[in-house]
Amino acid sequence: IHQENAVSQKRTLEVFQKTLDNACQNLVNYINCSLQSLTKRTDILSHEVEQIKHLNSNHHANERCRSEANQDSAAIIEEVNQEQTAVRFAASEAHEGQGVQLRFLNKLNPLVYTQEKITAEDGKAIKIAIFRDNQIVTSGPLSSARIEILALHGNFYDVVPDNWTECEFDHRIVSSPQGPVLGGVCQVKLKNGEVSPDVFFNIPSSKTECGRLILAAKVRSSDKGGLRIKEAVMNPVVVQVYRNKLNRNSDRPKLKDEVHRLKGISRNGCRAKWLKNNQINNVEEFIKALNKDEEKIRIECFNLKKDSKDWKDTVKHARECDLEGNCKLKLYRVEEQHVVLFFDCVHDLVGAKFRDHYVPKDNFSSDQQDEVNCLKKQACDELDNIGFDDEMKDNYPVSLSSTLNTSIGGGASIPFTGTAGPIPPDFHVAYQGPSAQEQIPSEQYGLQGYQGNQAGTATQMELDYSLDIAAMECDIAQATEGTSSGGNYLMIPANVTQNACDDIFAGSLDLLNFDHIFN
């Protein structure tokens, strides 16, 4: 441990020594520049003195020249004294100034647009602050220094060292023949050490040498007070023209858009014809077909490899489709494995219940994912014949029809105790569907709540309620889990007239939300 501490201290001293050497070198450079300036002005003064010596002997002229020369000499001497004072001030501040730098306090989104105010990735205004030894300078001249907002080439971090010099920084500033790279207020003043500039890009980054731009800031030279203040440099971003943002928003397809609306499918091309021959006419049907058998469409229609860019672009564009707020879900239940799969309106899997515990698809474990993959193909083959039973609310599936817990009418409830057996041939289902009421023979539909088949036989129905309406034996059933569609059912004896059935249906529908009537 002692050795590790010694090594750590040695490294720290080396870093400090290196930093101090850089500071001293900068100070020496500054002093050399001042001495050169002083020497130059001294030469000028000497030259002027020589001129005075060779002037005309005219006394008045000589006096006037001497007066002017003395004034110029005094001005030069005063200026030299000021420069020497600045050098001494810089020398006294050299060590203290090593920790002074500008910093951005947030980051930009990787994609921004021209003529749009530059904001941070969280949507808030970008903020710059000046730091000394990792503390914001809130008082003194530096806390109100003037700041320049600039744009650098996107490869700044690749070609410039971490401890870049001011010259290296300035060399990477972007200039454009089209005009200023940045618009807005690019000259701002710190207030209590902080400022939020209001700027935007004027040109896209595609016009630059590396395709990206970096927002940066530096303190104006006149406000540095002889200090080396490190510039603030933001993360590289891609800048696109603003119309690309508008095009991107309008490019999102809708469910009922014709299939040639998608990228890679022309209106009269062979792909559109193949899709039409396979009853795929709009975006909704295309996505359903993708979810059912993506490989078939890719090979037979597009004739492309799986990793083809054209194929990926088409699929990506289709899956960006606007579902228009449709949150309804279809259920596919596998009783033997205690699994329920949930699909949205375009038959895309959104999640599953494992023994009554719902898990979104993005949170599947490896075992759950394997189990769902085995069941998904079977489910997709049957989804077209399954109705919507649930809807997504707050990222959780909720049943569309609530369970009934009340009875109506004045009679006593009479439990239904039917057993398995053939359904009478004259037993029909009056189905009040989303579109219209229709009569369906029982041998085609089967009794909902039973396990129906083509022969018309059924297993026992699980009933939650039975009611007596108007002194008639009328039973209400709740469909059992595992059926392909849901709903509440009103069973009416066959000896009740059609008009009475209609009256019962009209009176019950408003109260109980019946989906089906059996008579």
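A residue counts as buried under 20% relative accessible area, as exposed over 50%, and as partly exposed in between. The views below are close-ups of a predicted model.

**View 1. Asp293 in helix α7.** Asp293 belongs to helix α7, residues 283-302. Asp381 is 88 residues from Asp293 along the chain, and the C-alpha atoms of the two are separated by 9.6 Å.

**View 2. Helix α6 and its two faces.** Helix α6 spans residues 270-277, and Ala272, Trp274 and Leu275 in it are buried. Viewed down the axis of α6, the buried residues fall within an arc of 160 degrees, so they line one face of the helix. An α-helix has 3.6 residues a turn, so residues three or four places apart point the same way. The buried residues of α6 pack against α7. On the face turned away from the buried side, α6 carries the exposed residues Cys270, Lys273, Lys276 and Asn277. Gln279, which follows α6, has a positive phi near 60 degrees.

**View 3. Strand β14, enclosed on both faces.** Strand β14 covers residues 339-343; five of its five residues are buried, so the strand is largely enclosed by the rest of the structure. In a regular strand the side chains alternate between the two faces of the sheet. On one side of β14 are Val339, Leu341 and Phe343, on the other Val340 and Phe342, and all of these are buried.

**View 4. The hairpins on either side of β14.** β14 pairs with strand β13, residues 328-334, in the antiparallel sense over five bridges. Within this pairing, Arg333 has Val340 of β14 as its bridge partner. The hairpin of β13 and β14 has four residues between the strands, and His338 in the turn has a positive phi of about 55 degrees. β14 and β15 also run antiparallel, joined by five bridges. Here the bridge partner of Phe343 is Leu349 in β15. Five residues separate the strands in the hairpin of β14 and β15, where His347 takes a positive phi near 65 degrees.

**View 5. Aromatic pairs.** Eight aromatic pairs are found in the structure. In one of them, the ring centres of Phe156 and Trp164 are 5.0 Å apart and the planes stand at 80 degrees, so the pair is edge-to-face. Phe156 and Trp164 are both buried. Another pair is Phe354 with Phe364: the centres are 5.8 Å apart and the planes at 85 degrees, so this pair is also edge-to-face. This pair links distant parts of the chain, ten residues apart, with Phe354 in strand β15 (residues 349-354) and Phe364 in the loop between β16 (357-360) and α9 (366-380). Phe354 and Phe364 are buried. Phe156 and Trp164 belong to one aromatic cluster with Tyr157 and Phe169.

**View 6. Charged ends over rings.** The charged end of Arg103 sits over the ring of Phe131, at 4.2 Å from the ring centre. The charged end of Lys330 sits over the ring of Phe388, 5.2 Å from the centre of that ring.

**View 7. A four-stranded open sheet.** The strands of this open sheet are arranged in the order β7-β5-β10-β11, with antiparallel pairing. β7 (187-189) and β11 stand at the edges with a single partner strand each, so one side of each is left without a neighbour in the sheet. Between β10 (residues 213-219) and β11, the antiparallel pairing extends over two bridges. Ala216 has Val233 in β11 as its bridge partner.

View 8. Asn235 lies in the loop between β11 (232-233) and β12 (238-240). The side chain of Asn235 reaches the backbone nitrogen of Leu108 at 3.1 Å. Leaving aside residues up to four places away in sequence, Asn235 touches Lys107, Leu108, Leu213 and Ile214.

Notes:
Residues are numbered from 1 along each chain as its sequence is written. This is a predicted model: local features need pLDDT of at least 70, side-chain atom pairs count only at pLDDT 80 or more; totals for chains, interfaces and linings use all residues. Side-chain values use heavy atoms; hydrogens and water are left out. A polar contact is a pair of N or O atoms within 3.5 Å; within protein, one must be able to donate a hydrogen and the other to accept it, and residues adjacent in sequence count only if both atoms are side-chain atoms. Contact means heavy atoms within 4.5 Å. Rings of Phe, Tyr and Trp (its six-membered ring) pair if their centres lie within 6.5 Å; planes under 30 degrees apart count as stacked, over 60 as edge-to-face and the rest as tilted. Buried means under 20% relative accessible area, exposed over 50%, partly exposed in between (1.4 Å probe, protein chains only). A charge sits over a ring if NZ of Lys or CZ of Arg is within 6 Å of the ring centre and within 35 degrees of the ring normal. Two strands pair if DSSP finds at least two bridges between them. The arc is that of the directions from the helix axis to the C-beta atoms.
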